[in-house]
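Welcome! Take a moment to look over the sequence and the model, and then let us walk through it together.

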Amino acid sequence: MTDALRSVLVVGGGIAGVQAALDLADQGFHVYLVEKEPSVGGRMIQLQKVFPTLDCPSCIFTPKMVAVANHPLITLLTHAEVREVRREDKIFRVKVLKKPRYVDEGSCVGCGTCEKACPVDVPSEFENGLGMRKAIYIPFAQAVPKVAVVDLENCILCGACERRCPTRAVNFAQVDEQIELEVGAAVLATGFGFFDATRLEQFGGGRYPNVIPALTVDRLLVANSPYGAVVRPSDGKIPRRVAFILCVGSRTRNASLGLPYCSRVCCMYTVRQAQSVILNLRRVRVDVYYMDLRAFGKGYEEFYRRAEAAGVRFRKGRVARITEKPDGNLLLRAEVMGEENGVVEEEYELVVLAPGLRPQADPRVLFPDLAVDEYGFVETVSPKLDPVSTGVPGVFVAGAAEAPKDIVDTVMQAGAAAMRAAAYLTSLNGG
Ligand SMILES: Cc1cc2nc3c(=O)[nH]c(=O)nc-3n(C[C@H](O)[C@H](O)[C@H](O)COP(=O)(O)OP(=O)(O)OC[C@H]3O[C@@H](n4cnc5c(N)ncnc54)[C@H](O)[C@@H]3O)c2cc1C
Ligand code: SF4
Ligand code: SF4
């Protein structure tokens, strides 16, 4: 057991948690990084590119993901959940449940032979349901750790993976492992989930296959996409008319239509995706329906102008309804402003929704005294002057768990949370 007062629990292994863990470990603190999924990476690793620099997320993030796995002061616990946190004087006693992978982490070499042997196909979470994975699978090519995991719900226990694994790593006898940790501080980095756009009947209520969420477009745009190009799901056809709709479930005062706040990243990632669709498909018309285009960061306004110059048509207005035609095309009815002023009806082959962001986890399960706002995002003691300290001494927050934000702001907040956690521990140690 490491010295509790020089140890930190980081919950969530997206870019916020990974950055906070590295910043703390580089200062000599021991970090337990707990991620509920089988790999670290969060949402960022699913993206095709990132605005406004158009960096490839795998290129800039994978080295950090590998670094957390190899850092001598970081204990990485994936496929694991924090079950209980109890404060005793200066120390948090933490119980973590490490779920069985049914694959021995020490023996698996990530060769993928088991995946080829497995007869069961399951929609891939990483591909946002587009491509398929096997019942035993490595979540994605750059997964960290690059270790297979068995999805027991879909496994038919045929034993093919066990027989074919060259290192005998498959082990169906694995059971839950309870791990007890002692730390002096914690950083919450549990990220975001999505507003459920299938609630919106006016957009098809989730029944139209060619109305897709924005994250799916990123998976279609990546170089190694399961389809190799931007195609529409119903028939694999390359669309020639694509519409993007912003603020789906964001910025509405009508609770049945969504959430009142701005989700902050949708405008800019839609600008990026719309431009990428034009570059990917060439002969395509791309329309973006927006309320206000919020290009608030350094280089963002220029990024938006470049998309406009590349041919993206920005139409200010509200989409009232989408209707599906028998051929899978979508009739979109909107009220637009500007020169066209009035109600327009347009036909598209693919429609992309940018859903609002909401918290992914309720951190009060672990820290009951923690304050969250009315939407569930973690409150900080001073949003302006101390935007990382929660009201609970020793507990800090970073990334989208605090509020929707882009990667630049997430990385900055993660660095600040690490710094505050380090200062807090130093003060506990009498420094
Ligand atoms: C479609 C789309 C496109 C985007 N494009 C861009 C872009 O181009 N540029 C840009 O700057 N930003 C972009 N963003 C925003 C970017 O994704 C976020 O800024 C970033 O992912 C926030 O990182 P995070 O670590 O806070 O959260 P997340 O990426 O959500 O990571 C949170 C992690 O915590 C884990 N977790 C959650 N709960 C628990 C728990 N209880 N225990 C353990 N682990 C847990 C999750 O599994 C996940 O791995 C985009 C967002 C979307 C939706
Ligand atoms: S479980 Fe075995 S076959 Fe599958 S990736 Fe690991 S080492 Fe390869
Ligand atoms: S035992 Fe399960 S995971 Fe292994 S090959 Fe058979 S179905 Fe796939």
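In this predicted model, ligand 1 is surrounded by 38 residues, with G12, G14, G42, G191 and G399 the closest. Several elements each give two or more residues to this shell: α1 (15-26), β4 (80-88), α5 (214-221), α6 (266-281) and α8 (407-428). Which domains does the shell around ligand 1 draw on? At least three residues come from each of domain 1 (4-99 + 176-191 + 360-428) and domain 2 (196-356).

Now to the other two ligands. Ligand 2 has 13 residues around it, and C108, C111, T113, C114 and C165 come nearest. Around ligand 3 there are 14 residues, the closest being C118, I136, C155, C158 and C161.

Here is how the residues of each shell divide by class:

| Shell | Nonpolar | Polar | Charged |
|---|---|---|---|
| Ligand 2 | nine residues | four residues | no residues |
| Ligand 3 | 12 residues | one residue | one residue |

Strand β4, which gives residues to the shell around ligand 1, also belongs to a sheet. This open sheet has three strands in the order β4-β5-β10, and their pairing is antiparallel. Both β4 and β10 (177-183) stand at the edges with a single partner strand each, so one side of each has no neighbour in the sheet. On average, neighbouring strands here are turned by 20° against each other, direction ignored.

Let us look at one pair in this sheet. Eight bridges join β4 to β5 (residues 91-98), and the two run antiparallel. Within this pairing, V82 stands opposite V96 in β5.

Notes: Residues numbered from 1 in each chain as written. Chains lettered and ligands numbered in written order. Predicted model: local features only at pLDDT ≥ 70, side-chain atom pairs only at ≥ 80, totals over all residues. Near = placed C-beta within 6 Å. Helix = DSSP H or I, 4+ residues; strand = E, 2+ residues; numbered from the N terminus. Domains from an automatic or database assignment. Nonpolar A, V, L, I, M, F, W, Y, C, P; charged D, E, K, R; others polar. Pairing = 2+ DSSP bridges. Axes fitted to C-alpha atoms, helices over the stretch in contact; angles between N-to-C directions.
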